[in-house]
Every structure is written in C-alpha cells, then in structure tokens.
Amino acid sequence: MFWTVTQSLLTGLATTFEIFILTLIFALPLGLVLAFGLLSKFKPLQRLVQILVWIIRGTPLMLQLFVVLYVPGLLFAMPISSRFTAAVIAFVINYAAYFSEIYRGGIESVSRG
C-alpha cells in the first residue's frame, strides 16, 4: 500500500518537473520577445502586446488551461489531444507574460549611456 502510493506520487513529481523544465525553456525566450514588443517604438505592436500581457496576467491560470485545452477543438475542429501538451502551452503563455514584465522593468531601470 505505501509503495503504491509512493510510486504514484513520484510519477506525479516527474510529470511536474517535466512541465516545469519545458515551461522555463519556452517561456524565458518568449518573455524576452514580448518584452521587446512592450518596449517597441511601433505603437500598434506595443499596444497589442500590452493588451495581450494585460489579459494573460489578469485571468486565472485555470481558465487559461481550459481555454487552451478546449477552444481549439470547439472553434477550429483541431482539439489538443494531450492534456500534458495543453498544460505546457498554457504555462508557457502565462509565464512568458510575467517574464516579459520582469524583463521590461529590468531593461527600463538601466539608464541610457
């Protein structure tokens, strides 16, 4: 009984680490791209990225998970077949929005020259 529960917990822990590593690998560079969009001098791009980051940061992650998992199948008849893939996509988008604000703040805090 104890070993069965421990194996289940370790399997879940391994899945959690996979999601974490994949999220970092994809969200860090995407956050940098979004940060450059936030700092862009091209106002339509800057406004679009600001709205995207505002929406992502303003909605609960659980809602984002539902949207990523179900909306492609409902709107485009192309469902995401794996819950793992949907979770990674949702986490990457969510964390990239937060990382973009961190990057933007860091870049803007450095004085010119």
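## Salt bridges

Two salt bridges are counted in this predicted model, a salt bridge being a side-chain nitrogen of Lys or Arg within 4 Å of a carboxyl oxygen of Asp or Glu. Glu101 pairs with Arg104 in a salt bridge whose closest N and O atoms are 2.8 Å apart. Because Glu101 and Arg104 are three residues apart in helix H4 (residues 83-109), about one helical turn separates them.

## Basis of the model

The model is predicted: local features need pLDDT of at least 70 and side-chain atom pairs count only at pLDDT 80 or more, while totals for chains, interfaces and linings use all residues. Residues are numbered from 1 along each chain as its sequence is written, and side-chain values use heavy atoms, with hydrogens and water left out.

## Fold and dimensions

The protein has four helices and zero strands (DSSP runs, numbered from the N terminus: helices are H or I with at least four residues, strands E with at least two). From the N terminus on, the order of elements is α-α-α-α.

The C-alpha atoms fill a box of roughly 65 × 35 × 20 Å along the principal axes. The radius of gyration of the protein is 18 Å, whereas a compact globule of 113 residues would have one near 13 Å. This radius is taken over C-alpha atoms, and the globule rule is 2.2 Å times the number of residues to the power 0.38.

## Surface patch

A nonpolar patch on the surface is formed by Leu10, Leu13, Phe17, Phe20, Ile21, Ile25 and Phe26. Patch residues have over 30% relative accessible area and no salt bridge, with nonpolar side chains (Val, Leu, Ile, Met, Phe, Trp, Tyr) joined within 5 Å and like charges within 9 Å. Together the seven named residues have about 700 Å² of accessible area, by the Shrake-Rupley method with a 1.4 Å probe and only the protein chains shown as cover. One of them, Phe17, lies in helix H1 (residues 2-38).
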